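User: Hello! Could you take me on a close look at a single part of this model, and then connect that part to its surroundings?

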Amino acid sequence: MSNHYDVIVIGTGAGGGTLAYHLAPSGKRILLLERGDYVPREKGNWDPKIVNVDGHYNTKEGWLDKDGKDLHPHTNYNVGGNTKFYGAALFRLRQEDFGELKHHGGISPGWPIRYDDLEPYYTQAENLYHVHGNRGEDPTEPFASSPYPWPAVSHEPRIQQLSDDFARSGLKPFHVPVGVMLDEKDPQKSKCIRCNTCDGFPCLVYAKADAQVLCVDEAVKHPNVTLITNSLVKKIETDGSGRVAKGVVVERHGRTENFTGDVVVVSCGAINSAALLLRSANDKHPRGLGNSSDVVGRHYMGHTNSVMMAISKCPNPTIFQKTLGVNDFYFGSKDWQYPMGHISFVGKLDAVTLRAGAPAIAPNFTLELMAKHSLDFWLTSEDLPDPNNRVTVDRNGKIVLTYTPNNLEAHERLQAKLKDAMKHTHCAMHGHECHQGLFGRNLYVGQRIPLAGVAHQNGTIRFGHDPKTSVLDANCKAHDLDNLYVVDGSFFPSSAAVNPALTIIANALRVGDHLLDRMGVSAAEPVMASATNERTGHGGRS
Ligand SMILES: Cc1cc2nc3c(=O)[nH]c(=O)nc-3n(C[C@H](O)[C@H](O)[C@H](O)COP(=O)(O)OP(=O)(O)OC[C@H]3O[C@@H](n4cnc5c(N)ncnc54)[C@H](O)[C@@H]3O)c2cc1C
Ligand code: SF4
């Protein structure tokens, strides 16, 4: 069996999994390398203690912070990457996010492509990932060439009441676009059962639109696609000229293996992709592969996020809470001209999870009562690209993450806007007195860095037109190499303030079309009968 492939894709998450799916029908020999394994299907998938408190499915890998202290990142190494655990809120960036935007804390730089370049791929991505939403509700929504493939996931009564309250006070609440395979018209046949363990949990019934279920499992049905799990790519090697990525060195079950490819695509997540390029330094690339600009690893962004619990006297019996969003302050407000960000929800918090996150307690409430009575908001503001916020590797190859938050006033003002909006809510029983206050949930659990700190990781291998200030060109090919691409969240020059996954997915489809052109094939081309079937047992996995 030859170890040479037309395309090697490293990582199976939102970027890599989607790309493999897109390239699979081409008949080209594609190798998908994933350091993790399949998330096992077991009852623990839906157990808050096992998932949130024990961190059972998180990597046990240790990183370091800028002071050399241990960090235990809340990230996941498995087939499907972090999409196995994500909340599947699948947003397009706003049209304005592609241009330069002035923030209170500085400039959010423009992208080398425009919204219109990505629009057709956003539409494909929404179809592929079963996005449920209603066009026209979100006041900041960009132009879309077709409706969402599925109607929005409906609000449960408590969330509908909040939406009505917000609307009465002049806001424009909308239904969050979500990628779940829910058919509310036919609940008996619906794959998704609308449960309370979605955001942060793997879906036991495979009804979440994640990269494993929708993309990797479909890609490996093609005999020309090989997936090898438990394969940690340690290094990318080049030819003598340094212009061509020849292949990869893999550690698998304690052994070293080598694979070569005509095209190498990195998609390990923004932090690991930068680390891999840095670890791949050689004589021709002394600062790291593709790093003549010294930009690899820099401009790390992860959003400024917070979880705010609004406590009411009346209970919140909502099961699937992540249906409501507010973007009225995304670009600013009458009293503040700068962008503030996005308000939506996390999955319904429970007492077990709260105990681990230790929020400030509302007067006269226990954690159990708080969990029963809280509306659990998720606030996101844009953090700006700072070259000193960066990923490096120490002399043992360990990841070092250096990050100083910025643009914080935007987030503080967003929190104040939510506080104000909540004052206008009232219920039939207690009137305005029903609302008891807003409480921040501490995102630090044990020694972990904040969950959101790496959940939305991006920006470390930015794309741009100028090889002096960017690593990738507009097609996400390294300026310094002829055949090295990056398709995960690393390419973002700015982080915007909506969740990143749909943009990563859409971009992977866009880069996929470029690669099909480059190889002179089309996705519709039938799989060649001569393609070697290297499936090792079960459906192309090994
Ligand atoms: C709890 C949680 C909730 C989230 N909710 C949302 C949400 O609602 N909406 C949203 O848009 N985003 C959400 N996100 C973020 C979203 O999951 C990520 O933006 C997205 O998965 C990133 O895609 P990626 O391709 O960049 O990386 P990943 O999906 O992380 O994939 C990277 C893959 O590369 C593999 N890998 C890494 N290094 C190597 C190596 N050296 N060799 C081989 N393989 C390697 C990893 O194991 C992994 O499978 C959430 C994330 C988390 C953790
Ligand atoms: S809400 Fe639906 S998609 Fe999410 S975990 Fe439950 S069944 Fe799966």
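In the hairpin of β11 and β12, how many residues are between the strands, and which residue takes a positive phi?

Analyst: Happy to. This is a predicted model, in which local features need pLDDT of at least 70 and side-chain atom pairs count only at pLDDT 80 or more, while totals for chains, interfaces and linings use all residues. Residues are numbered from 1 along each chain as its sequence is written, chains are lettered from A and ligands numbered from 1 in the order in which they are written, and side-chain values use heavy atoms, leaving out hydrogens and water.

The hairpin has six residues between its strands, and Gly-242 takes the positive phi, near 85 degrees. Its strands, β11 (residues 231-238) and β12 (residues 245-252), pair antiparallel over seven bridges. Strands (E, at least two residues) and helices (H or I, at least four) are DSSP runs numbered from the N terminus, and two strands pair if DSSP finds at least two bridges between them. One such bridge joins Ile-236 to Val-248 of β12.

Moving on to helices, α1 (residues 14-23) and α5 (residues 211-219) have axes that come within 8 Å and cross at roughly 40 degrees. Axes are lines fitted to C-alpha atoms, for helices over the stretch in contact, with angles from 0 to 180 degrees between N-to-C directions. The two helices are therefore oblique to each other, a class left over once angles under 35 degrees (roughly parallel), over 145 (roughly antiparallel) and 65 to 115 (roughly perpendicular) are set aside. In this contact (heavy atoms within 4.5 Å), α1 contributes Ala-14, Gly-17, Thr-18, Ala-20 and Tyr-21, while residues from α5 include Leu-214, Cys-215 and Glu-218.

Next comes an open sheet of four strands, ordered β16-β17-β14-β20 with antiparallel pairing. Its edges are β16 (342-345) and β20 (435-441), each pairing on one side only, and the twist averages 30 degrees from one strand to the next. Strand β14 (residues 304-312) is joined to β20 by six antiparallel bridges, with Met-309 opposite Phe-439. Helix α4 (residues 157-168) lies across β14, β16 and β17 (374-381), at about 55 degrees to β17. Helix α9 (residues 408-423) also packs on the sheet, touching β14, β16, β17 and β20, and its direction makes about 150 degrees with that of β17.

Last, ligand 2 is surrounded by 13 residues (a heavy atom within 4 Å), with Cys-192, Ile-193, Cys-195, Cys-198 and Cys-203 the closest.
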